[in-house]
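Dear colleague,

Please find the structure below, followed by an account of what was found in it.

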Amino acid sequence: SRCVRIRRATGRQARAQAVWIAALDPWRAMGYTAAGLGRWLGRMGSRGRVWLAVEGNDVCGVAVRLPDVLLGEFLALVAVAPSAQGRGVGRRLVDGVIPRGRWLWVSSDADNR
């Protein structure tokens with residue numbers, strides 16, 4: 001299997017991920033569009049808050065971290081491409097973007113496994 005690398009995204013790179021993320025639940029079910037999600041991801045990427053999981057040349061996951069929330073970090077978004085699900089990419093993203101020794105805050109709805 002190929003090695004997953006975690007790296008920060010530029011605004012442009014982050015914005016480009018919106019198409020596949022918006023097609024996934026829970027974002028699709030909540031009515032997010034690729035355009036709206038892309039604008040937000042672009043802003044977050046420009047601020048250095050978006051990380052990509054990359055296998056070879058392909059992005060297989062995205063995480064958005066907001067710093068300094070209640071003495072910790074807020075993980076605002078984690079998305080793993082369908083082709084990479086079940087292989088530890090989400091865990092690798094979380095491990096790669098959250099500084100050790102900090103509180104981690106997340107939010108999820110009851111239907112999001």
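An open sheet of 5 strands, with mixed pairing, runs in the order β1-β2-β3-β4-β5. Strands are DSSP runs of E of at least two residues and helices runs of H or I of at least four, numbered from the N terminus; two strands pair if DSSP finds at least two bridges between them. Because β1 (4–8) and β5 (103–105) stand at the edges with a single partner strand each, one side of each has no neighbour in the sheet. From one strand to the next the twist averages 30°.

This is a predicted model, in which local features need pLDDT of at least 70 and side-chain atom pairs count only at pLDDT 80 or more, while totals for chains, interfaces and linings use all residues. Residues are numbered from 1 along each chain as its sequence is written, and side-chain values use heavy atoms, with hydrogens and water left out.

Strand β4 (residues 72–80) pairs with β5 in the parallel sense over 3 bridges; Gly72 has Trp103 of β5 as its bridge partner.

Helix α3 (residues 34–46) lies across β2 (50–55), β3 (58–69) and β4, at about 65° to β3. Angles run from 0 to 180 degrees between N-to-C directions, and axes are lines fitted to C-alpha atoms, for helices over the stretch in contact (heavy atoms within 4.5 Å).

Just after α3, Gly48 takes a positive phi of about 75°.

With kind regards
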